[in-house]
Amino acid sequence: MSVQQYDEIGEAFEGFKSLPLTRYGEVPSLLGMVGDVRGRSVLDVACGTGFHSRE
């Protein structure tokens with residue numbers, strides 16, 4: 001795969017976080033399972049763009 005092909009995959013992945021299923025289903029569910037992380041460090045390894053870690 002060329003770098004350009006990876007860029008296209010990344011751009012498509014970025015669009016997923018604006019979908020209603022992600023915003024109103026996946027994110028609240030994930031955050032509910034993780035619990036309160038304020039004041040803690042988060043290690044996000046090879047998880048795409050780090051969207052969920054930033055949430």
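Me: Which helix gives the most to the lining of the largest pocket?
Reply: A pocket is an open set of points on a 1 Å grid over the protein atoms alone, where a 1.4 Å probe fits, with protein on both sides within 12 Å along at least five of seven lines; lining residues have an atom within 4 Å of a point. Helices are DSSP runs (H or I, at least four residues), numbered from the N terminus. α2 (20–34) and α3 (51–54) each supply at least two lining residues. With three residues, the top contributor is α2.

Me: What pLDDT do local features need in this predicted model?
Reply: Residues are numbered from 1 along each chain as its sequence is written, and side-chain values use heavy atoms, with hydrogens and water left out. This is a predicted model: totals for chains, interfaces and linings use all residues, side-chain atom pairs count only at pLDDT 80 or more, and local features need at least 70.

Me: Which element has the highest mean pLDDT?
Reply: pLDDT is the predictor's confidence in each residue, from 0 to 100. The chain averages 83, and 95% of the residues score at least 70. Helix α1 (residues 3–16) has the lowest mean, 79. The highest mean, 90, belongs to α2.

Me: How much space lies in the largest pocket?
Reply: The lining consists of L30, L31, V34, G35, V37, V42, H52, S53 and E55. Grid points are joined across faces, edges and corners, and the volume is the space filled by probe spheres set on the points. For the largest pocket that comes to about 190 Å³.

Me: How far apart are the closest N and O atoms of R23 and E55?
Reply: A salt bridge is a side-chain nitrogen of Lys or Arg within 4 Å of a carboxyl oxygen of Asp or Glu. R23 and E55 form one, with the closest N and O atoms 3.3 Å apart. R23 lies in helix α2 and E55 in the segment after α3, so the bridge ties together parts 32 residues apart in sequence. The N to O distance is 3.3 Å.

Me: How many salt bridges does the whole structure hold?
Reply: E14 and K17 pair at 2.6 Å, N to O. D36 and R38 pair at 2.9 Å. R23 and E55 also form a salt bridge. A search of the whole structure gives three.

Me: Is R38 buried or exposed?
Reply: Buried means under 20% relative accessible area, exposed over 50%, and partly exposed in between (1.4 Å probe, protein chains only). E14 has 31% and K17 has 21%. Those two are partly exposed. R38, at 71%, counts as exposed.

Me: What is the relative accessible area of V27?
Reply: V27 lies in helix α2. Contact means heavy atoms within 4.5 Å. Leaving aside neighbours within four places in sequence, V27 contacts T22, F51, H52 and E55. V27 is buried, at a relative accessible area of 5%.

Me: What is the relative accessible area of T22?
Reply: T22 also lies in helix α2. Not counting residues up to four places away, T22 touches F16, K17, V27, P28 and F51. T22 is buried, at 9%.

Me: How far is F16 from G32 in space, C-alpha to C-alpha?
Reply: F16 sits in helix α1 and is partly exposed at 46%. F16 and G32 are 16 residues apart in sequence. In space, their C-alpha atoms are separated by 20 Å.
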